[in-house]
Amino acid sequence: MALIEARGLAKAYDGKPAVRDLSFEVRPGSVTGFLGPNGAGKSTTMRLMLQLDNGAGSTTFDGQPFSALRQPMRHVGALLEAKPFHPTRKARNHLRMLAAANGLPTSRVDEVLRLVGLTEVAGNKPKTFSMGMGQRLGLAGALLGDPHTLILDEPANGLDPQGIQWMRQFLKALAGEGRSVFVSSHLLSEMALLADELVVIGRGRMISSGPVSSFIEGASHKSVLVHTPQVPELRALLAGREGVTVETGPEGEVVVTGLDAREIGDLAFDHRIRLHRLAPQTATLEEAFLAATEGDEEFQAAVVPHPQGPTGWARE
Amino acid sequence: MNDALRYEWTRIRTIRSTWWLTGSALGVALLISVLLGWVGHHDFSRNGASADDVEGFGPFLVTQFAASGAIPSLVGFLVAMIGIFAWGHEYRHGMIRASLTALNSRQALWTAKYVVVAVWVAVVSLVAMLMSGLIGLVYLHRWVTVFDGETWSVIAWQTLSTVLLTWLAMAFTALTRSQAFALVTIFLWPLLIESLFNVFFQLVPGLRDHQDVLRFLPFAAQRRMVDVLNDASSTFGEPMSAVGGALVFGGVAVALMAASYVLFAKRDA
């Protein structure tokens with residue numbers, strides 16, 4: 001068992017709320033993605049969970065707060081920032097230091113270095129590491145105690161595509177062993193492949209929590225793209241039906257909302273209308289996320305300027 | 001607590017700065033004691049050595065002149081920097097969160113840092129003084145009893161002085177969370193700030209008659225802990241005794257340590 005229960009987490013900086021009454025659960029055997037725009041309070045939430053920051057609320061790990069865990073790395077492995085180590089302390093020594101704090105044998109250090117693929121550079125100083133190697137070292141530290149819970153803040157930062165794929169497979173395998181994996185990321189396409197559950201926040205408030213599929217489905221418009229050589233006939237057939245809307249897509253195709261693909265296909269067949277393509281439209285995680293967090297961004301960039309160039313002249 | 005002590009013990013041994021500061025401290029001690037030993041040997045061989053010439057020579061030798069009461073111990077300041085880095089690295093390199101997720105007790109981490117660093121600097125200080133004394137013995141055994149009762153007393157007081165200085169430096173670093181500021185301040189405070197107070201009290205007519213309070217300045221008090229040239233009048237008299245110096249200097253260190261603990265326990269990591 002590795003259940004994380006966060007209840008009523010809250011924190012304010014100089015009177016400005018950063019996290020407001022956040023409550024959620026992270027269940028064992030799953031990867032729970034933690035999403036939110038920049039400044040939403042993700043990192044603050046993770047620090048509150050580990051009692052690194054002062055704030056309201058509580059977080060328990062199998063019923064115990066972090067401060068009550070004996071040799072905490074054996075229960076919770078955390079990676080909260082990029083390169084959390086001294087640049088000139090050799091990688092192996094950094095892990096030896098963490099291992100010493102939790103009564104872990106030195107052999108475990110070599111084990112986790114092998115797990116993350118850093119054995120060959122274990123004697124090197126982290127200042128020579130790339131960002132990806134630094135992330136791997138941080139992950140190695142989080143795994144030292146073989147914990148049942150992992151809390152990772154943007155672990156894929158700086159990783160190349162191979163590294164990202166490795167991280168995804170690695171975390172899924174850890175979750176498959178029954179661990180609780182709580183991971184934040186800005187890489188929505190990656191999160192769509194990685195996470196089983198989502199917690200989405202904006203401006204410190206809960207926006208959504210639950211399975212990834214539910215989150216995406218909630219944002220999907222349940223429309224169907226129809227390619228047909230008999231557009232007017234199809235439009236006439238569907239016009240006036242209760243709850244059905246018909247629009248024109250960007251390539252002239254018919255976009256039907258209110259009927260699923262099977263219903264449209266049966267109707268068209270019954271009225272001898274040929275169909276070349278029936279494609280149910282679902283939102284991507286990115287579309288669902290952007291729709292859910294619209295207006296909750298802490299920092300908004302200016303609108304991308306018109307390609308005509310600066311005011312006063314137009315491109316030739 | 002044992003976990004925290006193991007953590008800190010591994011930390012202090014696996015960082016480069018510990019070793020170059022330790023090496024520098026021992027190197028400085030070696031250099032000065034060889035210089036003093038050689039000069040003494042040269043001079044005493046030619047001109048002989050009177051009782052006045054050799055008074056306090058053993059303590060001067062082992063403390064690199066700090067026992068004169070006029071200057072602080074360079075070795076002490078070098079090893080105190082190990083303490084500054086013990087806290088400084090946590091904040092400069094973002095290690096503090098890693099430390100507090102590895103050790104989920106702020107009290108244990110705070111205590112372990114002070115204990116482990118104190119043991120390290122005490123041992124280095126002791127080794128430096130014993131080495132200096134042995135070098136002095138080699139050069140000057142014909143004229144000076146290096147390891148007499150006075151020298152052993154000064155060795156003990158200097159060790160305590162170095163530990164208190166290190167703790168004060170550590171507390172300052174933990175309070176400000178800036179190792180750069182702590183490094184500058186720990187040198188400026190005795191060399192400049194307290195000197196400014198002295199000048200101020202000398203120049204301002206209304207303060208001239210109150211210069212005796214300057215003995216309570218922390219680093220002025222610290223120098224009294226090993227001063228063998230100026231006999232104490234009483235514990236807190238003018239000049240104050242080694243005990244008085246330790247209480248004043250130690251009191252400032254303990255007060256700053258207490259403040260640093262309160263803030264460390266309260267602040268976000």
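## A briefing on chains A and B

Ala140(A) counts as buried, because it has 26 C-beta neighbours inside 10 Å. A residue is called buried if 20 or more other C-beta atoms lie within 10 Å of its own, exposed if 12 or fewer do, and partly exposed in between, with C-beta atoms placed from the backbone. This is a predicted model, in which local features need pLDDT of at least 70, side-chain atom pairs count only at pLDDT 80 or more, and totals for chains, interfaces and linings use all residues. Residues are numbered from 1 along each chain as its sequence is written, while chains are lettered from A and ligands numbered from 1 in the order in which they are written.

**Around Ala140(A)**

- You will find Ala140(A) in helix 4 of chain A; helices (H or I, at least four residues) and strands (E, at least two) are DSSP runs, numbered from the N terminus.
- Not counting residues up to four places away in sequence, Ala140(A) touches Leu95(A), Val112(A), Leu113(A), Leu115(A), Val116(A) and Leu118(A); a contact here has the two C-beta atoms, placed from the backbone, within 7 Å.
- Ala140(A) and Pro72(A) are 68 residues apart in sequence, and their C-alpha atoms are 15 Å apart in space.

**The nonpolar cores**

- Ala140(A), Val79(B) and Met170(B) touch the most other members of the largest nonpolar core, which has 147 residues. Such a core is a set of buried Ala, Val, Leu, Ile, Met, Phe, Trp, Tyr and Cys residues joined through C-beta atoms within 7 Å.
- Another core lies apart from it and has 9 residues, including Val224(A), Val226(A), Ile264(A) and Ala268(A).
- In soluble globular proteins, nonpolar side chains tend to be buried together.

**The open sheet of chain A**

- In chain A, 6 strands form an open sheet in the order 5-6-7-3-8-9, with mixed pairing; two strands pair if DSSP finds at least two bridges between them.
- Strand 5 (76–79) and strand 9 (205–211) of chain A are at the edges with a single partner strand each, so one side of each has no neighbour in the sheet.
- From one strand to the next, the twist averages 15 degrees.
- Strand 3 (residues 30–35) and strand 7 (residues 180–184) of chain A run parallel and are joined by 5 bridges, with Ser30(A) opposite Ser180(A).
- Helix 4 (residues 131–143) of chain A packs on the sheet, where it touches strand 5 and strand 6 (149–153), and its direction makes about 165 degrees with that of strand 5. Axes are lines fitted to C-alpha atoms, for helices over the stretch in contact, and angles run from 0 to 180 degrees between N-to-C directions.

**Two domains in chain A**

- The domain assignment of chain A gives domain 1 (4–217) and domain 2 (221–281); such bounds come from an automatic or database domain assignment.
- The centres of domain 1 and domain 2 of chain A, taken over C-alpha atoms, are separated by 46 Å.
- Strand 10 (residues 223–227) of chain A is joined to strand 12 (residues 254–257) by 4 bridges, and the two run antiparallel.
- Strand 10 of chain A also pairs with strand 13 (residues 277–281) in the antiparallel sense, over 5 bridges.

**Where the chains meet**

- The contact takes 28 residues from chain A and 21 residues from chain B.
- On the side of chain B that touches chain A, helix 6 of chain B gives the most, with 6 residues.
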